[in-house]
Amino acid sequence: MEQSPQPARPTPEDFLHLIAKQNRGRLKVYLGSAAGVGKTYAMLTEGNRLRAQGIDVVIGYVEPHERPETSAQIHSLEIVPPLPSPIPGGRPEMDLAAVLARQPTVALVDEFAHTNPPGSRHAKRYEDVAALLDAGINVITTVNIQHLESLYNIVESATGVKVRERIPDSVIAEADQIVNIDLPAEDLMERLKAGKIYPPAQAARALENFFTDANLTRLREIAFTEVANFLDRVQRRRVGGSKPSSLARVMVAISSGGPHPETLLRKTARLASQLNAAWFVVYVRTSREAPNRIAAETHRRLTDTLEIAQKMGGTVVALKSDDVATALGAFARERGITHAVMGRPGPRPLWKRFTPPLVERLAAALQGVDLILG
């Protein structure tokens, strides 16, 4: 009778990781479907409640948006003075060094997906938050669902809005708690009309564009789904540990000339998350794409794509071969790939029509692997 496999023996690195994680601060995220649902208010309310219990709480950064209900929650909390914006007329910025020096037990940091101005220690506020967590400071923060990197194409398709400030899903996935601040679309639109979210002129524009009933309802559905996925991942971590499942492995094939590589990356990241699987971004460089033969713009676009893949949590693998299908097939067998994602083929030049398309050759090379066309 075949014996079941024994669990892998923990390594010294696993123990060091455990120690570092125990010393790291905890992250709580208030997530909402749109501006105005009450994320900042909920964060500040919790801050006040913790302060009343004797916990050392400070505001690292808060964006009151001139909302009276939110502003009223700020006054009893200590505020680490923000830095003036280096951009004329810009918003103040969190003083990361000052919050680190203050070393509170809990820091409240609004606008998790915010982009810092040029010259800042980090490009993004979520990187500032990571520095606070590494210093042992617990952080409570806020973010809207549309800022998740893997949802960019879904949000654009549903609402027509291109979200500029985005945050890697892997950052949210590391949160210790996520709380969905839910508000029905009709209630949110009433708050907007009553001037509780934006000034009248801005509110009128919002109602005509982003804040439509259809958009808000769709974003609310997405928020429910994402929080459910998060809770499912937390449950799986508790049962089987934090490591990805050994049963599923996902790869996405990236080329230098693909029209929408970021869309493929987002689709793959979401699939890997749902499967609790490790995922790989595989680029096969042919002789036609050698450094001295590839166009500078094409090389830059490819480099940017691979950097994005790493930020999203994928493992980037570069192979060299003039037979792309065979190279991908060999990699898939070696790594035990169960799902492969690749772009849909476009029109083929006449001279290529006498050879089987890459999809067919890849399907033959990936026997037993689910092939998904993006």
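User: R166 and E149 are both described as buried. Why is E149 given that name?

Analyst: Buried means under 20% relative accessible area, exposed over 50%, and partly exposed in between, with a 1.4 Å probe and protein chains only. E149 has a relative accessible area of 11%, which is under 20%, so E149 is buried. The model is a predicted one: local features need pLDDT of at least 70, side-chain atom pairs count only at pLDDT 80 or more, and totals for chains, interfaces and linings use all residues. Side-chain values use heavy atoms, with hydrogens and water left out, and residues are numbered from 1 along each chain as its sequence is written.

User: What makes the pairing of R166 with E149 a salt bridge?

Analyst: The term requires a side-chain nitrogen of Lys or Arg within 4 Å of a carboxyl oxygen of Asp or Glu. The closest N and O atoms of R166 and E149 are 3.2 Å apart, so the pair meets the definition. R166 sits in the loop between α6 (152–159) and α7 (169–173), while E149 sits in the loop between β5 (138–144) and α6, 17 residues away. The helices named here are DSSP runs of H or I with at least four residues, and strands are runs of E with at least two, numbered from the N terminus.

User: How do you know that E149 also forms a salt bridge with R266?

Analyst: Their closest N and O atoms are 2.8 Å apart, so this pair too lies within 4 Å. R266 belongs to helix α11 (residues 261–275), 117 residues from E149. With a relative accessible area of 2%, R266 is buried. Salt bridges with shared partners join E149, R166, E262 and R266 into one network.

User: Why is R24 called partly exposed, but D134 exposed?

Analyst: R24 has a relative accessible area of 30%, between the two limits, so it is partly exposed. D134, at 54%, is over 50% and therefore exposed. The two form a salt bridge, their closest N and O atoms being 2.8 Å apart. R24 lies in the loop between α1 (12–23) and β1 (27–32) and D134 in helix α5 (residues 125–134), so the pair ties together parts 110 residues apart in sequence. The structure holds 16 salt bridges.

User: What puts the buried residues of helix α8 on the same side?

Analyst: In α8 (residues 185–193), A185, L188, M189 and L192 are buried. They cover an arc of only 100° around the axis, which means that they share one side of α8. The arc is that of the directions from the helix axis to the C-beta atoms.

User: How is V317 classed, buried or exposed?

Analyst: V317, in strand β9 (residues 315–320), has 14% relative accessibility, so V317 counts as buried. Contact means heavy atoms within 4.5 Å. Apart from its neighbours within four places in sequence, V317 is in contact with F280, V281, V282, Y283 and F331.

User: What makes a group of residues a nonpolar core?

Analyst: The members are buried Ala, Val, Leu, Ile, Met, Phe, Trp, Tyr and Cys residues joined through side-chain atoms within 4.5 Å. The largest such core has 64 residues, and L108, F112, L132 and F211 have the most contacts inside it. Helix α10 (residues 213–240) gives the most to this core, with 6 residues. A second, separate core of 18 residues includes A272, W279, Y283 and L302.
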